[in-house]
Amino acid sequence: MIVIYMSEVDFDYEINALVKNMCPEEKVLIKKGVEAALSEAATLFVSLEDTRVSVKTYRGEILCSELKESVDIKPGNWHKLDKKIKNKDRLYYKNAVKRLIFDSVMALEDGMQAFGDLSEAHIKIRRPAWGTLTGVRPSKVAYDLLENTTFLSSDTNAGNHENNPENLLAEKNAKNLSNLINKKIVKNPKIAYDILLEEYYVEPLKARLALEVAGREKSVVERIGIERIKDSYSLYVGIPFCPSTCLYCSFTSYPTGTYANYIKPYVDSLIKEIKFISANYGNIPLTIYIGGGTPGALPEDELYRVLKAIDDNFIVKNTIEYTVEAGRVDCLSREKLRIMKEFGVSRISLNPQTMNDSTLKRNGRTHSVGEFLEMFQIAREEGHDNINTDLIAGLLGENVSDFTKSLNEIINLGPENITVHSLVVKRAGAMRTLLEEEALKVKSTDYYYNRGKGMDEMLSLTEEELPKNQYFPYYMYRQKNADTHFGSSAQDNVGFCMEGFECIYNILMMEEKQSIISAGAGASTKLYDKVSNTVRRVENVKSLKDYIERTDEMINRKGLEL
């Protein structure tokens with residue numbers, strides 16, 4: 001266990017996530033305390049002062065300290081009072097604290113014995129691929145560096161420095177990269193890259209990934225028009241049914257065999273909510289996305305009802321994108337794919353997750369690779385010319401060679417989108433138990449470390465190989481609420497596409513510059529406020545039974561926000 005005492009408990013969520021990712025097999029406990037409380041080897045004391053942060057060991061030595069030199073801090077501005085205060089001083093302070101924690105933990109590998117006698121502690125440490133970044137959208141940091149800034153470059157003609165006294169002053173005072181962040185004078189991608197490496201400790205491959213994703217997101221937003229995005233909304237429709245529950249899945253889903261009697265009343269309730277959205281939020285959403293669960297798991301007649309309700313209540317031809325997660329091929333048919341095309345669906349997902357039959361069986365999928373390839377061909381025959389396929393890195397029983405085989409076969413198949421997910425094991429789930437059993441069979445103290453290392457190799461492989469085959473990263477996010485010792489330190493999911501085939505809905509979800517109005521059990525509506533540039537969430541209940549019985553309440557929740 002690693003115990004962290006703090007002079008004031010703040011930034012504790014981020015600190016816990018960071019240290020847990022660095023020491024994935026250790027429990028992390030954060031307490032409020034004083035230096036005198038440090039009596040164990042694996043402890044740190046973090047002192048938060050108005051203009052200084054320091055980290056000490058239980059023996060009193062200062063491992064790391066950092067001074068705020070060139071940016072004014074008003075006492076009390078950086079920490080929590082009655083509520084969290086968001087400002088540049090707090091952001092700087094948070095990043096400084098996380099850097100020092102990072103340096104202190106990594107010092108163990110440098111032989112500094114920071115936590116005392118490690119011969120008994122046996123603390124295994126890894127360097128997170130995303131450095132000190134712990135949020136679900138690391139590319140947003142890169143996007144902000146590229147977007148909300150003024151240009152600074154070694155090119156004397158760039159940025160019109162001569163005509164901008166503020167830039168000249170900022171450049172004169174920019175003693176280090178911290179100043180560049182706080183003075184907001186970064187728009188040069190090279191400087192943004194350096195900041196990701198030096199301020200956030202991001203590994204070079206991930207820094208390049210984040211900047212490329214941010215650049216492509218920015219390009220798509222500019223092509224559509226930011227005001228058009230802000231003034232419109234996108235529609236999400238949730239179908240929480242699946243043929244069966246995969247071992248690794250953590251989404252809200254109900255097996256169609258067990259819950260067959262709920263399907264029709266669920267669709268009835270869904271259509272009622274769809275009608276309300278159209279009547280109150282407008283009948284021309286910018287994009288439409290039907291997700292799950294597995295929408296393709298609906299019987300043909302119920303799928304038809306959902307798509308017809310959307311067609312009846314929205315002007316589909318005026319949307320710029322219409323996606324259906326067709327999903328698993330063991331519940332699809334030619335007729336379902338034809339119905340999707342008939343109602344104007346412009347993008348579908350067919351998700352094999354792996355191209356190895358033994359892995360599919362081991363992880364609870366009831367179809368074969370051959371059946372996936374057959375359904376992919378049928379989709380092409382029915383006119384679907386924008387198809388996404390998902391792969392998962394780290395499936396139970398797969399190694400780097402197995403994943404490489406799947407990746408190469410999908411590339412050769414030629415879908416317009418390839419999305420690569422990290423297998424993230426949630427704190428409660430069947431996959432966790434199976435991995436623990438596998439670890440006992442292997443009888444190696446390095447099982448989890450090697451598993452995570454292998455997953456990192458798989459993710460690096462995709463980031464190197466897919467661009468070589470004209471697939472470019474355009475959106476990404478990291479998973480949360482995971483037991484990190486079961487997998488990759490990156491925990492990222494990355495969408496790659498052929499040029500011009502970005503999924504607009506995915507980008508808008510990451511950007512949070514538009515309202516996403518959602519229907520269905522477990523669906524989360526995001527209401528964007530253009531004036532304050534903030535997002536409020538309105539949640540639907542997850543329970544299938546509760547959603548059907550309380551549809552009017554779900555509608556009223558959205559109505560109260562109008």
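The structure on your screen is a predicted model, and the tour below moves through it one selection at a time.

**First stop: phenylalanine 11.** Select phenylalanine 11, which sits in the loop between strand E1 (2-6) and helix H1 (12-22). Its phi is near 60°, a positive value in a residue other than glycine. Phenylalanine 11 has a relative accessibility of 2% and therefore counts as buried, the limit being under 20%.

In soluble globular proteins, nonpolar side chains tend to be buried together. The largest nonpolar core here has 111 residues, and those that touch the most other members are Leu196, Leu270, Ile277, Ile310, Tyr322, Met340 and Leu350. Apart from that core lies another of 28 residues, which includes Phe11 from the previous stop, along with Ile2, Val19 and Val53. Return to leucine 270 and display its surroundings: leaving aside neighbours within four places in sequence, leucine 270 is in contact with Val237, Gly238, Ile239, Val306, Ala519, Gly520 and Tyr547.

**Then: a cis peptide bond.** Select glycine 292 and glycine 293, which are joined by a cis peptide bond with omega of about 10°. Glycine 293 belongs to the loop between strand E9 (287-292) and helix H11 (300-313).

**Then: the cysteines.** A disulfide is a covalent bond between the sulfur atoms of two cysteines. A search of the whole structure finds zero disulfides. Cysteine 331 is in no disulfide, and the nearest cysteine sulfur, that of cysteine 242, is 7.6 Å away. Cysteine 331 is buried, with a relative accessible area of 12%, and cysteine 23 is also buried, at 0%.

**Then: the second largest pocket.** Select Arg127, Glu203, Lys453, Asp456 and Ser489, which among the 13 lining residues of the second largest pocket lie nearest its centre. The space in this pocket is about 240 Å³. Helix H8 (204-224) and helix H17 (447-468) are the elements that give two or more residues to its lining, and the largest share, six residues, comes from H17. By class, the lining of the second largest pocket has seven charged, three polar and three nonpolar residues.

**Last stop: glutamine 470.** With a relative accessible area of 48%, glutamine 470 is partly exposed.

Terms used
Residues numbered from 1 in each chain as written. Predicted model: local features only at pLDDT ≥ 70, side-chain atom pairs only at ≥ 80, totals over all residues. Heavy atoms only, no water. 1 Å grid on protein atoms, 1.4 Å probe; cavity = no way out; pocket = protein on both sides within 12 Å on 5 of 7 lines; lining within 4 Å. Points joined across faces, edges and corners; volume = space filled by probe spheres on them. Helix = DSSP H or I, 4+ residues; strand = E, 2+ residues; numbered from the N terminus. Nonpolar A, V, L, I, M, F, W, Y, C, P; charged D, E, K, R; others polar. Disulfide = S-S within 2.5 Å. Buried < 20%, exposed > 50% of the residue type's maximum accessible area, 1.4 Å probe, protein only. Core = buried A, V, L, I, M, F, W, Y, C linked by side-chain atoms within 4.5 Å. Contact = heavy atoms within 4.5 Å.
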